[in-house]
Amino acid sequence: MSIKCDKCKHDSIIFQRYSGMHLCKKHFVEDVERKIKLTIRKHYPVKKNETIAVAISGGKDSSVLLYMLHKVLGERPDIRLVALSVDEGIEGYRHKTLEQARGLADRLGVEHIILSFKEEYDRTMDEIAAWDREKGTCSYCGVLRKSILNRKALELGATKLAIGHNLDDEAQTIMLNHLKGDVARMVRLVPPCELEGLVLRIKPLRFVPEKEIAMYAYLSGLPLSAGACPYSHEAMRGEVREMLDDFEDKHPGTKYALLSGFDKIADVLSREMPIAKLANCRICGQACSGELCQACKLLGKQ
Ligand code: SF4
């Protein structure tokens, strides 16, 4: 006999171990959408006449992000959504996800802009990866992507920059910062972290587990994956992911506990360690805490 949904008499399609609930397709979709809408309302309320830039790689997370923001805000004439994709220049990987991003933006009728490392920095990620360098490839990629997205969002007059970090990403980031003892970075994770010169980054998916994002994407006909980035194995994040997945398996709810525990101490953190006012990078003009921004430092600009 099939297992039934705990909210109705239909067949269950998922068992949420952390909540103890069996859910059918309808109630699962409702649950994911409720969590996303609640996160937007509680952490990132949308005011009148906002432009929201949405970072979309074309993978499942950012596709669900754009789809949901369009579902929630698409009918509001005073809100402009602009999808931003970044072509880092990773051979055999990025062009597939960019096609998916383009297809989804077209399907939803959302304006879509593709930015590229080659145009912005005059080098591709593949070229940077070949350098003799101290830091891992993902450190360069992450910093440069953040910088290019912020610059474009500012140029568009965006008041928010939405990114598709899910519960797993957030839990991994919190744990990584703990492992590195990087309290300053933790303070910047406190939502909403508003700093002059940086467009407010919002994470509407932060309370939805990665597996549920994948299932929601599948049920909604959204792109799932276009393979793994050839550099992904280099990141320390992979080790933390394995560790947290193992914990979640043995102790369901670990990732939620990590995130909600962090949110509880977030207020104290931001009160005790206020982020200093930002300056402008001497080379590129982007907001940063020192004389040079991280992107210019990594690119060796003096
Ligand atoms: Fe960039 Fe690393 Fe992500 Fe690849 S895995 S796209 S190199 S951050």
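This is a short tour of cysteines and salt bridges, to follow in your viewer.

Before you click, note that this is a predicted model, where local features need pLDDT of at least 70, side-chain atom pairs count only at pLDDT 80 or more, and totals for chains, interfaces and linings use all residues. Residues are numbered from 1 along each chain as its sequence is written, and side-chain values use heavy atoms, with hydrogens and water left out.

**Stop 1: the cysteines**

A disulfide is a covalent bond between the sulfur atoms of two cysteines. Here, a disulfide is counted when a pair of cysteine sulfur atoms lies within 2.5 Å. How many disulfides does this rule give? The count is zero. Cys5 takes part in no disulfide, and its nearest cysteine sulfur, in Cys24, is 3.8 Å away.

Cys5 has 5% relative accessibility, so it counts as buried. Cys24 is buried too, with a relative accessible area of 3%.

**Stop 2**

Next come salt bridges: a side-chain nitrogen of Lys or Arg within 4 Å of a carboxyl oxygen of Asp or Glu. The structure holds 24 of these salt bridges.

Select Asp31 and Arg34, whose side chains meet in a salt bridge at 2.9 Å, N to O. Both residues lie in helix α1 (residues 25–43), three residues apart, which is about one turn of the helix. Helices (H or I, at least four residues) and strands (E, at least two) are DSSP runs, numbered from the N terminus. Asp31 is buried, with a relative accessible area of 9%, whereas Arg34 is partly exposed at 46%.

**Stop 3: a pair across the chain**

Select Lys35 and Glu212. They form a salt bridge whose closest N and O atoms are 3.7 Å apart. This pair links distant parts of the chain: Lys35 is in helix α1 and Glu212 in helix α9 (residues 210–219), 177 residues apart. Both residues are buried. Keep Asp31 and Arg34 in view, as salt bridges with shared partners join Asp31, Arg34, Lys35 and Glu212 into one network.

**Stop 4: one more pair**

Finally, select Lys60 and Asp61. Their side chains meet in a salt bridge at 3.2 Å, N to O, and both residues are buried.

Terms used. Buried means under 20% relative accessible area, exposed over 50%, partly exposed in between (1.4 Å probe, protein chains only).
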